[in-house]
Amino acid sequence: MKPQLPVVLCLSGHDPTGGAGIQADIETVSRFGCYPCSVLTALTVQDTHNVRKILPQRSGEFLEQARTVLLDLPVDAVKIGLLGSVDIVYAVDELLKTAGGIPVVLDPILAAGGGTNLANEALIEALIETLIPRATVLTPNSPEARKLTGMEDLDDCARALLALGCPNVLLTGTHEGDDEVINRLYRSSGKTTYRWPRLPGSYHGSGCTLASAVAALLARGRDIESAASEAQDFTWQALNNGFRLGGGQLLPNRRYSAP
């Protein structure tokens with residue numbers, strides 16, 4: 001008998017600070033009443049300032065772990081975050097070939113909040129070739145969208161990403177210079193624009209929180225419009241209630257209230 005808790009398989013790196021990565025995924029998925037299961041793509045050496053080193057898992061061992069979980073648990077959605085190596089990209093691609101038609105949310109993490117580059121050109125090419133076409137929702141920020149497409153205008157970036165085969169692109173505008181944060185959901189049928197008050201400071205794990213919230217809501221059966229809207233609200237509230245523990249970025253408070 002299928003459990004009442006929807007299951008979200010989280011594939012991401014481990015952030016020792018707990019602000020981003022797999023812990024952000026687990027906290028967020030749990031807040032939406034889903035059951036998180038997880039497989040690490042990489043360990044990291046990082047703090048609230050920046051990522052200092054990525055230690056990718058061996059792709060064969062990663063794939064064995066993920067396949068074992070997928071065969072045993074009734075997974076309702078997959079959330080993909082930091083990948084760390086080209087080999088892991090291809091391993092995730094192999095995994096998704098057997099995942100059926102469940103929603104896949106891909107957060108294409110190409111750089112850390114502190115600026116460290118987390119993806120070389122080979123990894124970006126592998127993403128474009130394999131995982132972006134398999135994703136149900138892609139959640140890039142504006143620098144990531146530009147880096148993935150080589151274009152400047154964000155509407156052009158989104159159209160290029162849709163053309164790769166991903167049907168939904170939720171493009172976030174926190175890195176832009178607007179007075180408000182302007183996020184946009186692009187689909188073949190059009191564009192939905194969301195405006196949020198810009199918060200002071202910078203936050204560690206905001207993108208992970210947003211993508212995980214979208215995945216959890218899709219696992220619960222929400223349509224993409226309502227999932228995108230509610231996930232943004234949850235993320236904004238987590239940031240607005242954020243706090244400082246280290247000397248770098250603020251940490252989202254994903255426990256501020258139930259969604």
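1. Basis of the values. Residues are numbered from 1 along each chain as its sequence is written, and because the model is predicted, local features need pLDDT of at least 70 and side-chain atom pairs count only at pLDDT 80 or more, while totals for chains, interfaces and linings use all residues. Side-chain values use heavy atoms, with hydrogens and water left out.

2. Overall form. The protein has eight helices and nine strands, where helices (H or I, at least four residues) and strands (E, at least two) are DSSP runs numbered from the N terminus. Its radius of gyration is 17 Å, close to the 18 Å that the globule rule gives for 259 residues, so the protein is as compact as a globular protein of that length; the radius is taken over C-alpha atoms, and the rule is 2.2 Å times the number of residues to the power 0.38. Along the principal axes, the C-alpha atoms fill a box of roughly 45 × 40 × 40 Å.

3. Among contacts (heavy atoms within 4.5 Å) between residues at least 6 apart in sequence, 68% join residues at least 24 apart. The accessible surface comes to about 11,100 Å², of which 50% belongs to carbon and sulfur atoms; the areas come from the Shrake-Rupley method with a 1.4 Å probe, and for residues only the protein chains shown count as cover. There are 22 positive and 28 negative side chains, and the centres of the two sets lie 3 Å apart, with Lys and Arg counted as positive, Asp and Glu as negative, and His and the chain ends not counted. Each charge is placed at NZ of Lys, CZ of Arg, CG of Asp or CD of Glu.

4. Helix H6. In H6 (residues 154–163), the buried residues are Leu154, Cys157, Ala158 and Leu161. They cover an arc of only 95° around the axis, which puts them on the same side of H6; the arc is that of the directions from the helix axis to the C-beta atoms. An α-helix has 3.6 residues a turn, so residues three or four places apart point the same way. The face of H6 turned away from its buried side carries the exposed residues Arg159 and Ala163. The buried residues of H6 pack against H4 (121–134), S6 (137–138), H5 (142–149), S7 (168–171) and S8 (180–187).

5. Helix H5. The buried residues here are Ser142, Glu144, Ala145 and Leu148. They cover an arc of only 160° around the axis, which puts them on the same side of H5. Their packing partners are H4, H6 and S7.

6. Val137. This residue lies in strand S6 and is buried, with a relative accessible area of 1%. Its C-alpha atom is separated by 4.7 Å from that of Asn168, 31 residues apart along the chain. Leaving aside neighbours within four places in sequence, Val137 is in contact with residues including Val104, Leu106, Asn168, Leu170 and Ile224.

7. Leaving aside neighbours within four places in sequence, Lys53 is in contact with Leu43, Thr44 and Val45.

Technical notes. Buried means under 20% relative accessible area, exposed over 50%, partly exposed in between (1.4 Å probe, protein chains only).
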